[in-house]
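Good morning, and thank you for joining this group meeting.

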Amino acid sequence: MRKIGVLTSGGDAPGMNAAIRAIVRKSIYHGIETYGVYQGFSGLITGNIKKLEIGSVGDIIHRGGTMLQSARCEEFKTKDGQKQGLDCLNKHGIEGLVVIGGDGSYHGAKALTELGFPCIGVPGTIDNDIPGTQYTIGFDTALNTVLDAVDKIRDTATSHERTFVIEVMGRDSGDIALWAGLAGGAESILIPEEPHDMEDIADRIESGLKRGKKHSIIIVAEGVASGAAFAEKLKERTGLETRVSVLGHIQRGGTPTAFDRVLASRLGARAVELLMDEKGGRAVGIKNEEVVDTDLLEVFEQQKHMNDDLYQLSQELSI
């Protein structure tokens, strides 16, 4: 393996730059040239590829977003688009590709793998919804961003004696809502993986009012409903004045936490090691503090399971 490419695709996540840095420097340490593919699979099709040196990734480990930029690319979902991307890789003499991203990015890497090109998937998404790893790059940072917002909103909720509904990201995964809700002491947490009962939520709030509690925090994962829609239904049921905060894209930006920087560095380095060992078609991850890799073609035959114990604990502590 003499030349390795790296790209980021889909939604950005804090820690992607740390992963890029690890891939570039690990490769150069072992005498391998590294090429950055800019603007994701779109840049792969158009040939927006540049050689990266040690200095190219200096001073980026602490920065959010991705220095390689990102873009969604419908064209790469087609056979013609995939062939164009493969042709560009071959034109630059690139022999292996590391793809950092989430669900869509992995499907792009899978397509190239099926065409016989060695790819390694590195899980980079705040949603924490990729099978084969306990944590994805960016999840911890997003979680702490949400928790900081929840703490601030609780100050206002307490001062004005109101119920606040906070909508968080996560697509079809409830991990951000669950972890932030448990850490932030939310009265109710709504996630896609578990059905919710409006009567139970209303009863919790009314029970709190009876014992003198004047405010409540309810966290809603976007995969369940919009915060505004849920707040309207809650008001119809209880008559309570509610306020809605949609945290939006602040959850995807910001300085990555130490956990995300270390995770990204470990996973990026392992991706390079796999390509050096001529093991393409793999996806890296972390389980029980150990870096692992699984078959990229089988990743989405698996299912990412919610932590049932955490959900049960959140229910028990929010009485």
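This is a predicted model: local features need pLDDT of at least 70, side-chain atom pairs count only at pLDDT 80 or more; totals for chains, interfaces and linings use all residues.

Residues are numbered from 1 along each chain as its sequence is written, and side-chain values use heavy atoms, with hydrogens and water left out.

Aspartate 103 belongs to helix α4, residues 103-114. Helices (H or I, at least four residues) and strands (E, at least two) are DSSP runs, numbered from the N terminus. Leaving aside residues up to four places away in sequence, aspartate 103 touches Ile130, Arg171 and Phe300, where contact means heavy atoms within 4.5 Å.

**The annotated site**

Which residues does the UniProt annotation "binding site" cover? According to that unreviewed entry, they are Gly11, Arg72, Cys73, Gly102, Asp103, Gly104 and Ser105. Such positions are given in the numbering used here, feature names are shortened, and annotations may be inferred rather than shown by experiment. The annotated residues are spread over 95 residues of sequence, yet they cluster in space, with a largest C-alpha distance of 13.7 Å.

Glycine 11 sits in the loop between β1 (3-8) and α1 (16-29). Its contacts, not counting residues up to four places away in sequence, are Met16, Arg72, Gly124 and Arg252.

**Aromatic pairs**

How many aromatic pairs does a search of the whole structure find? The search finds five. Rings of Phe, Tyr and Trp (its six-membered ring) pair if their centres lie within 6.5 Å; planes under 30 degrees apart count as stacked, over 60 as edge-to-face and the rest as tilted.

Tyrosine 106 and phenylalanine 300 form an edge-to-face pair, because their ring centres are 6.1 Å apart and their planes stand at 80 degrees. Tyrosine 106 lies in helix α4, and phenylalanine 300 in the loop between β11 (290-295) and α10 (308-317), so the pair ties together parts that are 194 residues apart in sequence. Tyrosine 106 is buried, at 1% relative accessible area, whereas phenylalanine 300 is partly exposed, at 30%.

The rings of tyrosine 135 and tryptophan 179 also have centres 6.1 Å apart and planes at 80 degrees, so this pair is edge-to-face. Here the link joins the loop between β5 (119-123) and α5, which holds tyrosine 135, to helix α6 (residues 175-184), which holds tryptophan 179; these parts are 44 residues apart in sequence. Ring pairs link Tyr135, Phe139, Trp179 and Phe259 into a cluster.

**An open sheet**

Finally, four strands form an open sheet in the order β7-β8-β6-β9, with parallel pairing. Two strands pair if DSSP finds at least two bridges between them.

β7 pairs with β8 (residues 216-221) in the parallel sense over three bridges, and serine 188 stands opposite isoleucine 218 in β8.

Methods. Buried means under 20% relative accessible area, exposed over 50%, partly exposed in between (1.4 Å probe, protein chains only).
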